[in-house]
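Visitor: I'm new to this structure and would like a close look at one part of it. Could you pick out the aromatic rings and walk me through them, then show me what lies around them?

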Amino acid sequence: MIQDILPHKLINHYDPLKKADEDSLVIVIRENDVMVRGDLYPRKSELNNGDDLTFLFSLEGENDYYLLDVTGIDYEAPEGYEFVNIREFRRSGNAKKHRVFLAYTALQLARWYRDNTYCGRCGRKTYKDDKERAIRCECGNVIYPRVVPAVIVGITNGDKILVTQYKTGYAHYALVAGFTEIGETLEETVAREAMEETGLKVKNIRYYKSQPWGIVDDILVGFYCDVDGDDTIKMDESELKVAEWRSREDVILQPDEYSLTNEMMKMFKEGKSI
Ligand SMILES: [Zn+2]
């Protein structure tokens, strides 16, 4: 999965006292694009404008990473570098996984800083906290990075699993999935999404693994469950174009091994304990 980057290790502890030096690595973001040369990020010394850098995180054994968000700013990439859409960066197959994971995480933080330039409570300009990763306002409002829970659901039916395809967007096979709503437990989200997308009742809901998915601020939580009773699928046609039972050998995996969804389909396909 995208976060499985051994032997690398992300150290996400925020240190407000850290200051970039010429060798610091900088992830330059412009909206949903990331600035790279191949899959490499620039050092501060290579930048035309390295003044307004915010500490992001560290990767064990490397220099610290800083953020430069140039969204809405007239900014020219230094020679050899180009802005690449983050989804293309992932799907090109040319980028090392840990660099894609760093880009996803940096993009989430960049968007969080950008979206909270002004206080949503009183409208004043906000400022960065000097002790923790938080944004503050004079009115007392404290804003932390937002992490949105969503579930991935592997519904099994004996030797079959329910696979889906979205009507628009991501073209490959997936599993039932959806966001947790206010006042809901994760298990309730699983049961509701299964019912909404496929018309199925489920039982034996069991946790598998989770995955940070920064591009949409998510923490994805994977569950397997069994169909309960009638296995007739009533697909939500507003969201899906495919929802069907597939036997193990007929499960088609995604083209890369980044997503929790893909790992869950793979586990089932290979007959591993779930
Ligand atoms: Zn305020």
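**A close look at the aromatic rings**

Guide: Let's get our bearings. The protein is divided into domain 1 (10-115), domain 2 (118-145) and domain 3 (148-269). Keep in mind that this is a predicted model. Between domain 1 and domain 3, the C-alpha centres lie 32 Å apart, and 13 residues of domain 1 are in contact with 9 residues of domain 3.

Now to the rings. Searching the whole structure turns up 9 aromatic pairs. One of them is Tyr14 with Phe55: their ring centres are 6.2 Å apart and their planes meet at 40°, so this pair counts as tilted. Tyr14 belongs to the loop between strand E1 (10-11) and strand E2 (25-30), while Phe55 is in strand E4 (residues 54-59), so the pair ties together parts that are 41 residues apart in sequence. Are these two buried or exposed? Both Tyr14 and Phe55 are buried.

Another pair is Tyr41 with Tyr65. Here the centres are 6.1 Å apart and the planes stand at 85°, so the pair is edge-to-face. This pair, too, links distant parts of the chain: Tyr41 is in the loop between strand E3 (33-36) and E4, and Tyr65 is in strand E5 (residues 65-69), 24 residues apart. Tyr41 and Tyr65 are both buried.

Over the ring of Tyr118 sits the charged end of Lys125, 5.6 Å from the ring's centre. Likewise, the charged end of Arg248 sits over the ring of Phe268, 4.1 Å from its centre.

E7 and strand E8 (residues 135-136) pair in the antiparallel sense over 2 bridges.

Which residues of H3 are buried? They are Thr189, Val190, Arg192, Glu193, Ala194, Glu197 and Thr198. The buried residues of H3 pack against several strands, among them strand E10 (148-157), strand E11 (160-166) and strand E13 (202-213). Just after H3, Gly199 takes a positive phi of about 70°.

Last stop: Met235, in the loop between E14 and E15. With a relative accessibility of 26%, Met235 counts as partly exposed. Leaving aside residues up to four places away in sequence, Met235 touches Glu197, Thr198, Leu240, Lys241, Val242 and Ala243. Glu197 and Thr198 are among the buried residues of H3, which brings us back to the helix. Met235 and Arg90, by contrast, are 145 residues apart in sequence and 30 Å apart in space, C-alpha to C-alpha.

Conventions
Residues numbered from 1 in each chain as written. Predicted model: local features only at pLDDT ≥ 70, side-chain atom pairs only at ≥ 80, totals over all residues. Heavy atoms only, no water. Phe/Tyr/Trp six-rings, centres within 6.5 Å; stacked < 30°, edge-to-face > 60°. Helix = DSSP H or I, 4+ residues; strand = E, 2+ residues; numbered from the N terminus. Buried < 20%, exposed > 50% of the residue type's maximum accessible area, 1.4 Å probe, protein only. Lys NZ or Arg CZ within 6 Å of the ring centre and 35° of its normal. Contact = heavy atoms within 4.5 Å. Pairing = 2+ DSSP bridges. Domains from an automatic or database assignment.
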